[in-house]
Amino acid sequence: MSEAASPDALVFYSPVDDPVAWRQALTAELPDLDFRVDPEVGDPRDIRYALTWVPPEGFFARFPNLELVVNLGAGVDALMGRDDLVPVKFSRLSDPGMVAMMTSYVVFAVTRYARDIPVFERAKRRGEWEYVHPRPLFDIKVGVLGLGELGAAAARMLATMGFSVSGWSRSPKTIEGVEALTGREGLETLLSTCEIVVCLLPLTPQSRHMLGARELALMPRGAKFINCSRGALVDEEALIAALRSGAIGEATLDVFEQEPLPAGHALWSLDNVLITPHLASITVPALAAKNVAESIRRMRAGLPPLHEVEPARGY
């Protein structure tokens, strides 16, 4: 049977991404790809590739010939613990659009604190003119936890803007303008010296609740905390206690241990917390489709996909 006649289909599933945009972008790169949107998958034996975001329990077990799962995002922690996956290749998305989106969110969140915008937001609600004299950016020390593709880009941009930037990662990194730290001592140094801390770490079994009460207590009183990676990296109860006591002055949270954040959750009632609904970085089909298409081409040629994930590491 010729290659053209062989079943070579991709199944798409996402509660938030646009399947029409993805179909157009991906079939422009791979005209011969049979793009199917769940639940209209046809014969499940045809499915070789899956392009997904948080698919429901049992989703992958339906496809006995699945070879590659591409995650619609940078973090693949939700795929690692599943019991409905036969041995397959895992690939995460990595494209300039995703990096730019995350960098813009981090710049917004850090600058909002650096320029005392929450003070003015509260003053406006009171109907009061409250002046806070601006500080030079080099006087504001920002720490970035996680110096992977997203974290490194954010740290580099903050340094370019003039902030005093430190970064922490498990393995040594070199980034121009950024003090790169590693190890437990490096983590404690960053937390204890930075008044704004940004969390961009991957979630792995080892990093779950990595920031607990002890770590949060190292931060200078009134420090600002930004999490746009994964909610489970932080002990949420410890964070809430620190925010209530003023030990941590403000937080910007895009991710949570339970999503959507339930109605009545304690974080909703805290005036010093800005909540966004897990949108710091999204995939842009027109830019990311080349990435996905190249992974499929490589799989067809018997090669590993781009940005392959190591399940043992979780990233």
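## Basis

The model is predicted: local features need pLDDT of at least 70, side-chain atom pairs count only at pLDDT 80 or more, and totals for chains, interfaces and linings use all residues. Residues are numbered from 1 along each chain as its sequence is written, and side-chain values use heavy atoms, with hydrogens and water left out.

## The sheet

Five strands make an open sheet with parallel pairing, in the order S2-S1-S3-S4-S5. Strands (E, at least two residues) and helices (H or I, at least four) are DSSP runs, numbered from the N terminus. Two strands pair if DSSP finds at least two bridges between them. Strand S2 (34-37) and strand S5 (89-92) are the edge strands, each pairing on one side only. From one strand to the next, the twist averages 20 degrees. Axes are lines fitted to C-alpha atoms, for helices over the stretch in contact; angles run from 0 to 180 degrees between N-to-C directions.

S1 (residues 9-13) pairs with S3 (residues 47-52) in the parallel sense, over five bridges. Leu-10 stands opposite Tyr-49 in S3.

## Helix H1

H1 (residues 19-29) packs on the sheet and touches S1, S2 and S3. Contact means heavy atoms within 4.5 Å. The direction of H1 makes about 170 degrees with that of S2.

Trp-22, Ala-25 and Leu-26 of H1 are buried (under 20% relative accessible area; exposed is over 50%, partly exposed in between; 1.4 Å probe, protein chains only). Seen down the axis of H1, the buried residues fall within an arc of 90 degrees, so they line one face of the helix. The arc is that of the directions from the helix axis to the C-beta atoms. These buried residues pack against S1, S2, S3 and helix H9 (285-300). On the other side of H1, Gln-24 and Ala-28 are exposed.

## Aromatic rings

The whole structure holds five aromatic pairs. Rings of Phe, Tyr and Trp (its six-membered ring) pair if their centres lie within 6.5 Å; planes under 30 degrees apart count as stacked, over 60 as edge-to-face, the rest as tilted. The rings of Phe-59 and Phe-63 have centres 5.4 Å apart and planes at 70 degrees, so this pair is edge-to-face. Both residues are buried. Tyr-13, Phe-59, Phe-60 and Phe-63 form one aromatic cluster.

## Asp-46

Asp-46 sits in the loop between S2 and S3. It counts as buried, at 15% relative accessibility.
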